[in-house]
Every structure is written in C-alpha cells, then in structure tokens.
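Walk through this structure with me. We begin with its rings, then turn to a helix and the core.

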Amino acid sequence: MSGARDEFASAAHAFARLVRALPADSLDGPGLGEWDLRALVGHTSRSLITVSTYLQDPASTADLAGPVEYYAAIRAFLSDGDAVVERGRQAGRDLGSDPAAAVDALVSQALADVDEAGDPLITVIGGFGIRLSDYLPTRIFELAVHSLDIARATGVSADLPAEVMTAANVLAARIAVELGTGETVLMALTGRADLPPGFSVV
C-alpha cells in the first residue's frame, strides 16, 4: 500500500503544481476534445474526488483483482461519452473562481483520506469491489495522462516525476496485454510498426 500511496501523492502534487502554473486567462481556452481547459482540469480533479468518495462506499468482495482488471471491466461504462463530458464540465465549474486553491484542497483531502483508510475494499464505478491499493494505480494513470493533456493544451510543462511516468507506462502496457493488443504496443515501442489511428488502451 505504501508504494501506491506514495506514487499517488507524487501524481497528485504534480497535477496541483501544474494547475498553479496555468495562466489565469487560459481556463476558457481549448482543453481536450469537447472540453475547454477548465473542464479538462475538472475532469482530472475527479481522480482525487473519486478516491475520497469511494472510500465512503465499502465493498464486501473484491470483484476486480487489480488495476488492469479495473480498466477491462469499466470499458462499457466509458462508452457513454456525453456523460463523461458533462461530468468533466461540472467538475470544472465546481472548482470555482480559484481552481488552483480548489485542487490543492482536493489533494490534501484525498491524501488525508487515504492515510486514514488503511487498505479497505471500496465500491467503484459499475458497482465493482476493489482494494484501495489496487484502485490507486488507476488514479495515478489518470492524473499522469490528463496532466500531459493539460500540458499539451497550454504549453506549460507537466514535469511529472519519474515514478509516476513509470507507473503509468507500465499499467498501459499491462492493459494492452490484457486486451490482446500487447504485440501492437510492443512493435510500436520498438520502432517496428506504427500504432493504428485512434489506438488506445482505455
């Protein structure tokens, strides 16, 4: 649990630093797809919010064995793009007039909640039960990917710690293998082939 907690803290603090570095007038600018930057930051902040929220909803069984199984199981729930877009927009609105301060508060709350929780079984999207230590790597992954999205949208460096980049890349490769696309990813990573257009492991 300590390793997952420390990597989650590193990813969360890196995201908070990135938000603090954003120009004040950039939040209405482009973010990702249908999201403006505020909505993209809001969506990213949900990786903090869900930790605190799901800790309030214990599970009786571990339906998912780890983060790879989590992503394989929730693919159907992520297919409702309109709902995902609106949750991001609402989360962006919820950040209020000082998004940096709001994100700092979310980081502090999520880390305090994790430190108090131990390693319980929690209920996540889809009603699945999963151990907290197996859920946190999914939040590290989301914080890393979306921090890079924010950096690409703004030109502000995400400056992600090496341990966060390692955790996110390893999980992406493991998901690819689980989904039967491990060969595709390996050939691309070794310069032997290009990834298909629109390819994603999530």
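How many aromatic pairs does a search of the whole structure find? The search finds 4. Rings of Phe, Tyr and Trp (its six-membered ring) pair if their centres lie within 6.5 Å; planes under 30 degrees apart count as stacked, over 60 as edge-to-face and the rest as tilted.

This is a predicted model: local features need pLDDT of at least 70, side-chain atom pairs count only at pLDDT 80 or more, and totals for chains, interfaces and linings use all residues. Residues are numbered from 1 along each chain as its sequence is written, and side-chain values use heavy atoms, without hydrogens or water.

Take tyrosine 70 and tyrosine 71. Their pair is edge-to-face, 5.2 Å centre to centre, with 85° between the planes. Tyrosine 70 also pairs edge-to-face with tyrosine 135, at 5.7 Å and 75°. This second pair links distant parts of the chain: tyrosine 70 sits in helix H3, tyrosine 135 in helix H6, 65 residues apart. Helices (H or I, at least four residues) are DSSP runs, numbered from the N terminus. Ring pairs join Tyr54, Tyr70, Tyr71, Tyr135 and Phe141 into a cluster.

Are tyrosine 70 and tyrosine 135 buried or exposed? Tyrosine 70 is buried because its relative accessible area is 4%. Tyrosine 135 counts as buried because its relative accessibility is 0%. Buried means under 20% relative accessible area, exposed over 50%, partly exposed in between (1.4 Å probe, protein chains only).

Now follow helix H1, residues 2-21. Its 20 residues reach 29 Å from first C-alpha to last, close to the 28 Å expected at 1.5 Å a residue. That expected span is 1.5 Å times one less than the number of residues. Buried residues of H1 include Phe8, Phe15 and Val19. Their cover includes helices H2 (37-54), H5 (99-117), H6 (132-154) and H7 (162-178).

Next, the core. A nonpolar core is a set of buried Ala, Val, Leu, Ile, Met, Phe, Trp, Tyr and Cys residues joined through side-chain atoms within 4.5 Å. The largest one has 57 residues, and Phe8 and Val41 touch the most other members. H1 gives the largest share, 10 residues. Beyond four places in sequence, valine 41 contacts Phe15, Val19, Leu22, Leu95, Val103 and Ile150. Contact means heavy atoms within 4.5 Å.

Threonine 184 is partly exposed because its relative accessible area is 29%. Not counting residues up to four places away in sequence, threonine 184 touches Leu195, Pro196 and Phe199.

Methods: Helix = DSSP H or I, 4+ residues; strand = E, 2+ residues; numbered from the N terminus.
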